[in-house]
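These are my notes from one sitting with the model. I wrote down each item as I looked it up.

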Amino acid sequence: MQWKHKDLLDVSQLSVDEVRHILATAAYFREINSRPVKKVPTLKGRSVVLFFAEPSTRTKTSFDMAGKRLSADTFALAKSGSSLVKGETLKDTALTLQAMNPDGIVIRHSSSGAAQFLAERLECSIINAGDGRHAHPTQALLDALTFSRRWNGDFAGKTVLILGDIAHSRVARSNVILLNLLGAKVRLCGPRTLMPPRLDTWPVEVFSDLGKACLGVDAVMCLRLQLERQQAGLLPELREYARTFGLGARHMRDAAPGCCILHPGPINRGVEIDSALADSAGSLILEQVENGVAVRMALLFLYLTRKSPDASQSGIPE
Amino acid sequence: MPEKQKKLDLAVRGALWFGPLKADSKGGKAKKGGQPPKGQLVDVLVARGKIVALTPAGSLDLRATHEVEAHGLVLLPSLTDVHVHFREPGQEYKEDIASGLSAAAHGGFANLMCMANTKPVNDNASVTEFMLEQARKSWPQGPRLFPIGALTKGLKGEELAPMAELKAAGCQAFSNDGRPVANTELFRRAVEYAQDLSRIVIDHCEDPFLAPAAGMNEGVVSSRLGLPAQPDVAEAIQVARDVLLAEYLHAPMHLAHISCEKSVALIRFAKARGVDVTAETCPHYLTLTEDEAGGFSALAKVSPPLRAREDVEALLAALADGTIDMLATDHAPHAAHEKEVEFDEAPCGISGLDTALATTWELVRSGRLPFGAFLRAWTTAPCKRFGLPVNAFNPGDSADFVLFDQDESWTVDAETMHSKSKNTPLLGRTLRGRVAAHFLAGKSVLGTAPAGA
């Protein structure tokens, strides 16, 4: 497949076929990642800037590893170590990065729309690694790979519950779009104070009772509860939240057989999910991390070689 | 009648007029919404800066010192804008009084009331006097500047500003615009104090606790984009507070930039109870929706935010039936580099003086806004409310009028805009209708006046 997109801003840009292609490519890289020597020369000579203007360890490491396994040169630029803290605007930072001629920039930023802001101004590929509350397409794609492996690629008739702080979650927004695109049904559950407005315009079913929300679901995706939500007056106390919206073993009994559990991490054990449940057989949390590297390898490959005629000769499935 | 003996200084011949004529009031009556108005050709006669007559074209055979052929350009009285931000003193890189008045002159405005959120704040006589002096120096023939004094010192919402001193220096009204007074007790005292001075308080209605994020409407678009937003009830709740307070105190109140249906309903309710409340809305709330922010464009970030389609319809109906009395631009210039940032980092505001007439005329042309309401909202209503000079084309009115080329298409860009700041979501779009000539007290204020004079 000739890749036509310059940037990955959100999964809403992608067709079903494109998503399937990304997942197939990621499955191939997953296999490479299980070899003793995990490095391939696919992106040799290409450079990727990891521009993380918001603290992140796992996503940044995942992208860094993905780039290095493809032999790309990765350069990390963190907000604390960059001129951003000295009052430089995002535009100037972007233009400065552009002048260094990278092939791609992976951006994580606390403002919704920051990835698009870069994409509109720069020639190189922009991969959104999370912008504010807006989108986290690489997370949604790695979740889709995780589901796809579990369900043999068949999303039809499956129901996924996304649980927790939906309002502030880019993971939820991207997953709602992608799961619907792939044919799954999506439920949301959480306290009303952590729900976005106008959910009537979202393709989801909304529950305020976790017990009912879990009935017959094929997967539960727990979201991280940022502890500052309590201080912001959105929750009375964490103990009450855990009791009302924390996922426990009892909820799993009403779920469909083989129901799996996902979490984008990092986990607050005992808050959004019972600690033992996070370590149970149904938990795919660590597989998500593994799939994250493979998906990001696939994305870097597709976006950075989209203009190369020889991309098809690299042994990667068409 | 001394008319015939009077020496005419200016005669504008053959302009297209959509309003009623005193001599022939059935001729150009404003049509109800749904149909574009029909016009007739008229002559305007001016002596010593005042209107002498507005008559059917060719009906009076009097020659003037300056004769102008309008060739069917639309005749409009100059507009009044009770809500602009001219940024001087303190932020002259965004706008100064000279450039703001230039945008006003080219946009068709005669009277401008400018808000107090300058640096320093207009909360003492020296700032007011400085503003007036800058206006006199830059545009001696007008457009005229009428400063609005701060309601509280430094707009901090803590202590009353010296309103008597500000009135004496020339402040036409008082407002805490941009920094709504959360403390209702303090706000009450401010309204009462202004009452003694016969000055109206203008309130920017926004519950600051319910509206932690400015510039984006809480709704379908904010939900999809994950943008921090504020609900329309943050405005409406404050409207409710204000009209109840105005009724209780028997005080006049003016509500700035009303943006949503809920506020309209409350204003309608208050007026039915006889409360002395007036309200303005802005061209952008009548023509644009929250969808403008769909691509994270900070040019569409404005406070209060652009709302939903239903709000636009409610505001148009309210303006037509008089529930909303007047239009104002809330002209809020910001430099390009301030707007070209992440959406949540950008300041709120739209630069409006250059585009207001064209965008609102489009509503008249398409029949969505009756001509009578358009005229009232831009001229008589604001002038009457705030005691500003008005031209209703009655003999003796100040000869402030515009010849408007309703067919000229122009693209909104850095070249065509006269404001220093080009921050409008209309940037790059084509509008129809432009000011061809502008006369204030019978004198052309634009270099581009027709050469017939």
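I started at Leu77(A), which I found in strand 2 (residues 73-78) of chain A. Strands here are DSSP runs of E of at least two residues, helices are runs of H or I of at least four, and both are numbered from the N terminus. The model is predicted, so I note that local features need pLDDT of at least 70, that side-chain atom pairs count only at pLDDT 80 or more, and that totals for chains, interfaces and linings use all residues. Residues are numbered from 1 along each chain as its sequence is written, with chains lettered from A and ligands numbered from 1 in the order in which they are written.

From Leu77(A) to Val171(A) I noted 23 Å, C-alpha to C-alpha, at 94 residues apart in sequence.

Next, the contact between the chains. Chain A gives 18 residues and chain B gives 16, where contact means C-beta atoms, placed from the backbone, within 7 Å. On the chain A side, helix 3 (90-99), helix 4 (114-121) and helix 6 (170-181) each supply at least two residues. Helix 4 of chain A has the largest share, three residues.

I then moved to strand 2 (residues 40-47) of chain B. Six of its eight residues are buried, so the strand is largely enclosed by the rest of the structure. Strand 2 of chain B is antiparallel to strand 1 (residues 8-17) of chain B over six bridges; strands count as paired if DSSP finds at least two bridges between them. Six bridges also join strand 2 to strand 3 (residues 50-56) of chain B, again antiparallel. What does Leu45(B) pair with in strand 3 of chain B? The bridge partner is Ala53(B), while Ala11(B) stands opposite Leu45(B) as well. In the hairpin of strands 2 and 3 of chain B, with two residues between the strands, Arg48(B) takes a positive phi near 50°.

Last entry: the open sheet of chain B. Eight strands run in the order 6-7-8-9-10-11-12-13 with parallel pairing. Strand 6 (79-84) and strand 13 (326-327) are the edges, each pairing on one side only. Strand 7 (residues 109-114) of chain B meets strand 8 (residues 144-150) through four bridges, and Met113(B) has Phe146(B) as bridge partner in strand 8.

Conventions:
Two residues are in contact if their C-beta atoms, placed from the backbone, lie within 7 Å. A residue is buried if 20 or more other C-beta atoms lie within 10 Å of its own, exposed if 12 or fewer, and partly exposed in between; C-beta atoms are placed from the backbone.
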